[in-house]
Amino acid sequence: MASDGTRLNHRPRVLLLTDNLLSGGVQRVVVRTANGLARRGYPVFVAAEAGGGLWDELDERVARRPLAPGFAHSSGLLTRILTLRKLARQDKVDIVHAHQRGVALAATAGTRGTRSVVVEHVHNVFRPTSKRMTSFRGDKLVACGSEVEQMLIEEYGRAPSRITTILNGVPDASHGRGNAITAQDSSHTYSVTTVARVTTQKRPHLWLDAMELLAQRVPLRATWVGDGELLDELREEVLRRELGHVISLPGESSAVESYIADADVVALTSAWEGLPLVLLEAASLGKPLFATDVGSCRDIIADGVNGRLVAAEDSASTIATALEHLLTSDRLEAYGRASRQAYEREFTVDRYLDDTEKVYEAAWLRR
(Lines give C-alpha, C1' and ligand atoms only; values in the text may rest on other atoms or scores of the structure.)
Protein backbone atom coordinates (compact mmCIF):
# COMPACT_ATOMS: atom_id res chain seq x y z
CA MET A 1 0.00 0.00 0.00
CA ALA A 2 1.37 3.39 -0.95
CA SER A 3 1.44 6.28 1.50
CA ASP A 4 -1.43 8.05 -0.30
CA GLY A 5 -3.70 5.01 0.12
CA THR A 6 -3.41 3.74 -3.44
CA ARG A 7 -2.21 0.23 -4.24
CA LEU A 8 0.34 -0.69 -6.87
CA ASN A 9 -0.95 -2.83 -9.72
CA HIS A 10 2.06 -5.12 -9.44
CA ARG A 11 5.25 -5.58 -7.48
CA PRO A 12 7.97 -3.41 -9.04
CA ARG A 13 10.87 -5.34 -10.54
CA VAL A 14 13.91 -4.43 -8.42
CA LEU A 15 17.57 -4.53 -9.40
CA LEU A 16 19.90 -4.27 -6.39
CA LEU A 17 23.25 -2.91 -7.49
CA THR A 18 26.58 -2.79 -5.64
CA ASP A 19 30.27 -2.94 -6.49
CA ASN A 20 30.96 -6.47 -5.17
CA LEU A 21 29.68 -9.19 -2.86
CA LEU A 22 32.99 -10.02 -1.19
CA SER A 23 32.21 -9.01 2.40
CA GLY A 24 31.30 -5.96 4.45
CA GLY A 25 28.30 -4.22 5.94
CA VAL A 26 27.00 -2.65 2.72
CA GLN A 27 27.16 -5.99 0.93
CA ARG A 28 25.27 -7.71 3.74
CA VAL A 29 22.57 -5.04 3.53
CA VAL A 30 22.24 -5.77 -0.20
CA VAL A 31 21.89 -9.52 0.37
CA ARG A 32 19.38 -9.11 3.21
CA THR A 33 17.34 -6.64 1.16
CA ALA A 34 17.30 -8.94 -1.86
CA ASN A 35 16.32 -11.99 0.16
CA GLY A 36 13.66 -10.13 2.13
CA LEU A 37 12.08 -8.65 -1.00
CA ALA A 38 12.10 -12.04 -2.71
CA ARG A 39 10.26 -13.56 0.26
CA ARG A 40 7.69 -10.79 -0.06
CA GLY A 41 7.04 -11.64 -3.68
CA TYR A 42 9.12 -9.04 -5.52
CA PRO A 43 10.92 -9.99 -8.74
CA VAL A 44 14.50 -9.30 -7.58
CA PHE A 45 17.83 -9.14 -9.42
CA VAL A 46 21.28 -8.53 -7.92
CA ALA A 47 24.16 -7.12 -10.00
CA ALA A 48 27.73 -6.94 -8.68
CA GLU A 49 31.21 -7.90 -9.77
CA ALA A 50 31.62 -11.65 -10.21
CA GLY A 51 33.18 -13.51 -7.29
CA GLY A 52 32.70 -13.23 -3.56
CA GLY A 53 31.28 -15.47 -0.87
CA LEU A 54 28.09 -13.47 -0.32
CA TRP A 55 26.72 -14.59 -3.69
CA ASP A 56 26.06 -17.95 -2.01
CA GLU A 57 23.87 -16.29 0.61
CA LEU A 58 21.36 -15.02 -1.93
CA ASP A 59 17.96 -16.69 -1.90
CA GLU A 60 17.39 -19.04 -4.85
CA ARG A 61 14.52 -16.80 -5.95
CA VAL A 62 16.93 -13.90 -6.55
CA ALA A 63 18.22 -13.65 -10.12
CA ARG A 64 21.99 -13.14 -10.24
CA ARG A 65 23.64 -10.75 -12.69
CA PRO A 66 27.44 -11.05 -12.20
CA LEU A 67 29.38 -8.15 -13.68
CA ALA A 68 32.89 -8.28 -15.12
CA PRO A 69 35.74 -8.21 -12.57
CA GLY A 70 36.86 -4.62 -12.03
CA PHE A 71 33.54 -3.32 -13.35
CA ALA A 72 33.01 -0.76 -10.59
CA HIS A 73 36.57 0.57 -10.42
CA SER A 74 38.63 -0.04 -13.55
CA SER A 75 36.06 0.06 -16.34
CA GLY A 76 35.26 3.48 -17.80
CA LEU A 77 32.13 5.39 -16.84
CA LEU A 78 30.66 5.00 -20.34
CA THR A 79 31.11 1.21 -20.13
CA ARG A 80 29.34 1.14 -16.78
CA ILE A 81 26.51 3.32 -18.07
CA LEU A 82 25.91 1.17 -21.16
CA THR A 83 26.10 -2.08 -19.19
CA LEU A 84 23.57 -0.95 -16.61
CA ARG A 85 21.28 0.48 -19.27
CA LYS A 86 21.31 -2.90 -20.99
CA LEU A 87 20.57 -4.72 -17.73
CA ALA A 88 17.68 -2.41 -16.86
CA ARG A 89 16.09 -2.93 -20.27
CA GLN A 90 16.81 -6.65 -20.43
CA ASP A 91 15.12 -7.36 -17.08
CA LYS A 92 12.42 -4.70 -17.50
CA VAL A 93 13.55 -3.16 -14.22
CA ASP A 94 11.27 -0.68 -12.47
CA ILE A 95 13.54 0.20 -9.52
CA VAL A 96 17.34 0.25 -9.52
CA HIS A 97 18.39 0.24 -5.86
CA ALA A 98 22.06 1.27 -5.97
CA HIS A 99 24.39 0.96 -2.97
CA GLN A 100 27.64 2.72 -3.95
CA ARG A 101 28.35 6.17 -5.35
CA GLY A 102 30.19 5.01 -8.48
CA VAL A 103 27.63 2.46 -9.64
CA ALA A 104 24.77 4.75 -8.59
CA LEU A 105 26.03 7.51 -10.88
CA ALA A 106 26.28 5.07 -13.78
CA ALA A 107 22.80 3.73 -13.04
CA THR A 108 21.31 7.23 -12.90
CA ALA A 109 22.85 8.15 -16.25
CA GLY A 110 22.07 4.77 -17.81
CA THR A 111 18.38 4.77 -16.93
CA ARG A 112 17.58 8.21 -18.33
CA GLY A 113 14.74 7.85 -20.81
CA THR A 114 13.87 4.32 -19.61
CA ARG A 115 11.10 2.98 -17.40
CA SER A 116 13.50 2.63 -14.44
CA VAL A 117 13.92 4.95 -11.46
CA VAL A 118 17.02 4.95 -9.27
CA VAL A 119 16.86 4.68 -5.49
CA GLU A 120 20.34 5.50 -4.22
CA HIS A 121 21.23 4.15 -0.78
CA VAL A 122 23.87 6.14 1.13
CA HIS A 123 25.65 4.08 3.78
CA ASN A 124 28.38 6.37 5.03
CA VAL A 125 29.36 9.91 5.92
CA PHE A 126 31.76 11.39 3.36
CA ARG A 127 33.82 14.25 4.78
CA PRO A 128 35.35 16.44 3.64
CA THR A 129 32.82 16.83 0.86
CA SER A 130 34.10 15.06 -2.24
CA LYS A 131 32.79 14.60 -5.78
CA ARG A 132 29.94 16.94 -4.95
CA MET A 133 28.66 17.42 -8.48
CA THR A 134 28.62 13.74 -9.41
CA SER A 135 27.46 12.23 -6.10
CA PHE A 136 23.99 11.30 -4.91
CA ARG A 137 22.07 12.02 -8.11
CA GLY A 138 19.53 9.21 -7.77
CA ASP A 139 15.82 9.95 -8.18
CA LYS A 140 15.31 9.04 -4.51
CA LEU A 141 17.99 9.03 -1.82
CA VAL A 142 17.96 6.71 1.18
CA ALA A 143 20.11 7.68 4.18
CA CYS A 144 21.03 4.88 6.57
CA GLY A 145 21.02 7.24 9.55
CA SER A 146 20.35 10.77 10.76
CA GLU A 147 23.91 12.00 10.30
CA VAL A 148 23.97 10.72 6.71
CA GLU A 149 20.75 12.60 5.98
CA GLN A 150 22.24 15.77 7.47
CA MET A 151 25.34 15.38 5.31
CA LEU A 152 23.26 15.01 2.14
CA ILE A 153 21.33 18.20 2.88
CA GLU A 154 23.98 20.45 4.38
CA GLU A 155 27.14 19.41 2.54
CA TYR A 156 25.86 18.11 -0.79
CA GLY A 157 22.86 20.41 -1.13
CA ARG A 158 20.34 17.67 -1.84
CA ALA A 159 16.68 18.58 -1.33
CA PRO A 160 15.11 17.11 1.84
CA SER A 161 12.10 16.05 -0.23
CA ARG A 162 14.31 13.58 -2.13
CA ILE A 163 15.71 11.97 1.04
CA THR A 164 14.24 9.27 3.27
CA THR A 165 16.07 8.00 6.32
CA ILE A 166 15.76 4.24 6.71
CA LEU A 167 17.68 2.90 9.68
CA ASN A 168 19.47 -0.38 8.99
CA GLY A 169 17.86 -3.59 10.16
CA VAL A 170 19.50 -6.88 11.13
CA PRO A 171 18.18 -10.38 11.87
CA ASP A 172 17.36 -11.21 15.46
CA ALA A 173 20.52 -12.99 16.61
CA SER A 174 18.83 -14.00 19.86
CA HIS A 175 16.02 -15.75 17.94
CA GLY A 176 13.52 -13.80 20.02
CA ARG A 177 14.86 -14.91 23.39
CA GLY A 178 17.02 -11.92 24.32
CA ASN A 179 20.51 -12.38 25.70
CA ALA A 180 21.14 -9.59 28.17
CA ILE A 181 24.16 -9.95 30.42
CA THR A 182 23.95 -10.77 34.10
CA ALA A 183 25.65 -9.00 36.98
CA GLN A 184 29.33 -9.82 37.43
CA ASP A 185 31.28 -10.26 40.65
CA SER A 186 34.52 -8.44 41.38
CA SER A 187 36.68 -11.33 40.13
CA HIS A 188 35.06 -11.40 36.70
CA THR A 189 37.29 -10.97 33.64
CA TYR A 190 35.54 -8.38 31.53
CA SER A 191 35.15 -8.98 27.81
CA VAL A 192 35.25 -6.12 25.29
CA THR A 193 34.61 -7.17 21.70
CA THR A 194 35.04 -5.25 18.46
CA VAL A 195 33.89 -6.57 15.09
CA ALA A 196 35.20 -4.50 12.20
CA ARG A 197 37.63 -4.35 9.33
CA VAL A 198 41.13 -3.62 10.64
CA THR A 199 41.52 -0.40 8.67
CA THR A 200 42.48 3.22 9.25
CA GLN A 201 38.79 4.16 9.48
CA LYS A 202 38.34 1.96 12.57
CA ARG A 203 41.54 3.23 14.30
CA PRO A 204 42.87 -0.11 15.58
CA HIS A 205 45.99 1.45 17.12
CA LEU A 206 43.85 3.81 19.23
CA TRP A 207 41.81 0.75 20.27
CA LEU A 208 44.97 -1.14 21.22
CA ASP A 209 46.29 1.77 23.30
CA ALA A 210 42.95 2.02 25.11
CA MET A 211 42.78 -1.73 25.77
CA GLU A 212 46.32 -1.74 27.16
CA LEU A 213 45.39 1.01 29.60
CA LEU A 214 42.07 -0.63 30.49
CA ALA A 215 43.84 -3.92 31.26
CA GLN A 216 45.84 -2.12 33.93
CA ARG A 217 42.61 -1.21 35.73
CA VAL A 218 40.29 -4.23 35.39
CA PRO A 219 40.69 -7.94 34.54
CA LEU A 220 40.23 -7.85 30.76
CA ARG A 221 39.97 -9.91 27.62
CA ALA A 222 39.73 -7.71 24.52
CA THR A 223 38.94 -9.21 21.11
CA TRP A 224 38.94 -7.64 17.66
CA VAL A 225 37.25 -9.85 15.06
CA GLY A 226 37.90 -8.95 11.42
CA ASP A 227 40.39 -8.89 8.60
CA GLY A 228 42.02 -5.89 6.96
CA GLU A 229 45.22 -4.32 5.76
CA LEU A 230 46.36 -3.37 9.29
CA LEU A 231 45.77 -6.77 10.89
CA ASP A 232 49.34 -8.07 10.58
CA GLU A 233 50.73 -4.77 11.84
CA LEU A 234 48.38 -4.86 14.83
CA ARG A 235 49.34 -8.45 15.64
CA GLU A 236 53.02 -7.53 15.58
CA GLU A 237 52.36 -4.64 17.95
CA VAL A 238 50.49 -6.92 20.36
CA LEU A 239 53.50 -9.25 20.40
CA ARG A 240 55.92 -6.36 20.87
CA ARG A 241 53.96 -5.08 23.87
CA GLU A 242 53.55 -8.64 25.27
CA LEU A 243 49.77 -8.27 25.40
CA GLY A 244 48.85 -11.69 24.04
CA HIS A 245 47.27 -12.67 27.37
CA VAL A 246 44.88 -9.70 27.06
CA ILE A 247 44.38 -9.07 23.34
CA SER A 248 42.95 -11.56 20.84
CA LEU A 249 42.99 -10.89 17.08
CA PRO A 250 41.41 -13.94 15.41
CA GLY A 251 40.93 -12.30 12.01
CA GLU A 252 37.88 -12.93 9.87
CA SER A 253 35.47 -15.42 11.42
CA SER A 254 32.20 -17.17 10.62
CA ALA A 255 31.40 -17.21 14.36
CA VAL A 256 30.87 -13.46 14.82
CA GLU A 257 27.56 -14.01 16.61
CA SER A 258 29.30 -16.16 19.24
CA TYR A 259 31.97 -13.53 19.86
CA ILE A 260 29.27 -10.89 20.38
CA ALA A 261 27.23 -13.18 22.61
CA ASP A 262 30.25 -13.71 24.90
CA ALA A 263 30.99 -9.99 25.25
CA ASP A 264 30.19 -7.75 28.19
CA VAL A 265 30.44 -4.69 25.94
CA VAL A 266 30.68 -4.33 22.15
CA ALA A 267 32.86 -1.36 21.22
CA LEU A 268 33.98 0.69 18.20
CA THR A 269 36.67 3.40 18.06
CA SER A 270 35.99 4.56 14.49
CA ALA A 271 37.01 7.88 12.97
CA TRP A 272 33.87 7.90 10.82
CA GLU A 273 30.85 5.65 10.28
CA GLY A 274 27.44 5.33 8.71
CA LEU A 275 25.25 3.21 11.01
CA PRO A 276 27.40 0.18 11.95
CA LEU A 277 25.60 -3.15 11.65
CA VAL A 278 27.65 -4.70 14.45
CA LEU A 279 26.07 -2.32 16.97
CA LEU A 280 22.61 -3.37 15.82
CA GLU A 281 23.56 -7.05 15.99
CA ALA A 282 24.91 -6.54 19.50
CA ALA A 283 21.71 -4.73 20.49
CA SER A 284 19.65 -7.71 19.31
CA LEU A 285 21.65 -9.80 21.78
CA GLY A 286 21.03 -7.35 24.61
CA LYS A 287 24.58 -6.02 24.85
CA PRO A 288 25.73 -2.67 26.26
CA LEU A 289 27.29 -0.60 23.46
CA PHE A 290 30.29 1.73 23.29
CA ALA A 291 31.40 3.89 20.37
CA THR A 292 32.91 7.15 19.31
CA ASP A 293 30.20 9.68 18.51
CA VAL A 294 30.64 9.60 14.75
CA GLY A 295 28.25 9.11 11.85
CA SER A 296 24.90 7.79 13.00
CA CYS A 297 26.14 5.78 16.01
CA ARG A 298 23.88 7.91 18.19
CA ASP A 299 20.88 6.49 16.32
CA ILE A 300 21.48 3.21 18.18
CA ILE A 301 23.42 4.35 21.29
CA ALA A 302 21.67 6.61 23.78
CA ASP A 303 24.50 7.77 26.03
CA GLY A 304 23.87 6.64 29.60
CA VAL A 305 20.85 4.55 28.58
CA ASN A 306 22.18 1.54 26.65
CA GLY A 307 25.88 2.38 26.61
CA ARG A 308 28.36 5.18 26.16
CA LEU A 309 29.37 7.60 23.42
CA VAL A 310 32.71 9.40 23.54
CA ALA A 311 34.01 12.19 21.34
CA ALA A 312 35.86 11.17 18.19
CA GLU A 313 38.89 13.19 19.27
CA ASP A 314 39.13 11.61 22.75
CA SER A 315 42.43 10.04 23.75
CA ALA A 316 43.08 6.38 24.51
CA SER A 317 43.18 7.28 28.21
CA THR A 318 39.75 8.90 28.06
CA ILE A 319 38.34 5.93 26.14
CA ALA A 320 39.81 3.49 28.68
CA THR A 321 38.29 5.46 31.57
CA ALA A 322 34.85 5.57 29.93
CA LEU A 323 34.98 1.82 29.25
CA GLU A 324 36.06 1.12 32.82
CA HIS A 325 33.09 3.08 34.17
CA LEU A 326 30.74 1.28 31.80
CA LEU A 327 32.04 -2.22 32.58
CA THR A 328 32.00 -1.75 36.35
CA SER A 329 28.69 0.10 36.44
CA ASP A 330 25.87 -1.39 38.49
CA ARG A 331 23.60 -0.50 35.54
CA LEU A 332 25.28 -2.82 33.03
CA GLU A 333 22.29 -5.17 33.01
CA ALA A 334 19.92 -2.25 32.47
CA TYR A 335 22.06 -1.04 29.55
CA GLY A 336 21.75 -4.47 27.95
CA ARG A 337 17.98 -4.53 28.35
CA ALA A 338 17.73 -1.05 26.84
CA SER A 339 19.78 -2.18 23.83
CA ARG A 340 17.41 -5.08 23.25
CA GLN A 341 14.39 -2.79 23.52
CA ALA A 342 15.94 -0.36 21.01
CA TYR A 343 16.52 -3.25 18.60
CA GLU A 344 12.93 -4.49 18.86
CA ARG A 345 11.58 -0.98 18.38
CA GLU A 346 13.70 0.27 15.47
CA PHE A 347 16.21 -2.16 13.98
CA THR A 348 14.43 -5.32 12.85
CA VAL A 349 14.63 -6.54 9.26
CA ASP A 350 10.84 -6.37 8.88
CA ARG A 351 10.78 -2.69 9.85
CA TYR A 352 13.64 -2.00 7.41
CA LEU A 353 11.82 -3.81 4.58
CA ASP A 354 8.53 -2.05 5.33
CA ASP A 355 10.25 1.33 5.06
CA THR A 356 12.08 0.30 1.89
CA GLU A 357 8.83 -0.78 0.24
CA LYS A 358 7.34 2.64 0.98
CA VAL A 359 10.23 4.34 -0.82
CA TYR A 360 9.81 2.02 -3.81
CA GLU A 361 6.09 2.73 -3.95
CA ALA A 362 6.61 6.49 -3.77
CA ALA A 363 9.29 6.37 -6.48
CA TRP A 364 7.22 4.11 -8.71
CA LEU A 365 3.98 6.08 -8.39
CA ARG A 366 5.86 9.32 -8.98
CA ARG A 367 7.26 7.89 -12.20
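**Exercise 1.** Determine whether Arg-345 is buried or exposed, and find its salt-bridge partner.

Solution. Arg-345 has a relative accessibility of 55%, so it counts as exposed. The classes are buried under 20% relative accessible area, exposed over 50% and partly exposed in between, with a 1.4 Å probe and protein chains only. Next, the partner: the side chain of Arg-345 meets that of Glu-346 in a salt bridge, at 3.7 Å from N to O. A salt bridge here requires a side-chain nitrogen of Lys or Arg within 4 Å of a carboxyl oxygen of Asp or Glu. Last, Glu-346 is partly exposed, with a relative accessible area of 27%. Elsewhere, salt bridges that share partners join Arg-11, Arg-40, Asp-350, Asp-354 and Glu-357 into one network.

The model is predicted: local features need pLDDT of at least 70 and side-chain atom pairs pLDDT 80 or more, while totals for chains, interfaces and linings use all residues. Residues are numbered from 1 along each chain as its sequence is written, and side-chain values use heavy atoms, without hydrogens or water.

**Exercise 2.** State which parts of the chain are tied together by the salt bridge between Arg-115 and Asp-94.

Solution. The closest N and O atoms of Arg-115 and Asp-94 are 2.5 Å apart. Arg-115 lies in the loop between helix H3 (101-110) and strand E5 (117-122), and Asp-94 in the loop between helix H2 (77-90) and strand E4 (95-98), so the pair ties together parts that are 21 residues apart in sequence. Helices (H or I, at least four residues) and strands (E, at least two) are DSSP runs, numbered from the N terminus. As for accessibility, Asp-94 is buried at 0%, whereas Arg-115 is partly exposed at 37%.

**Exercise 3.** Describe the surroundings of Lys-140.

Solution. Lys-140 is in strand E6 (residues 140-143). Lys-140 is buried yet has no salt bridge; the nearest side chain of opposite charge, Asp-139, is 9.5 Å away. Lys and Arg count as positive and Asp and Glu as negative, with His and the chain ends not counted; distances between charges use NZ of Lys, CZ of Arg, CG of Asp or CD of Glu. Leaving out residues up to four places away in sequence, the contacts of Lys-140 (heavy atoms within 4.5 Å) include Val-118, Glu-120, Arg-162 and Val-359.
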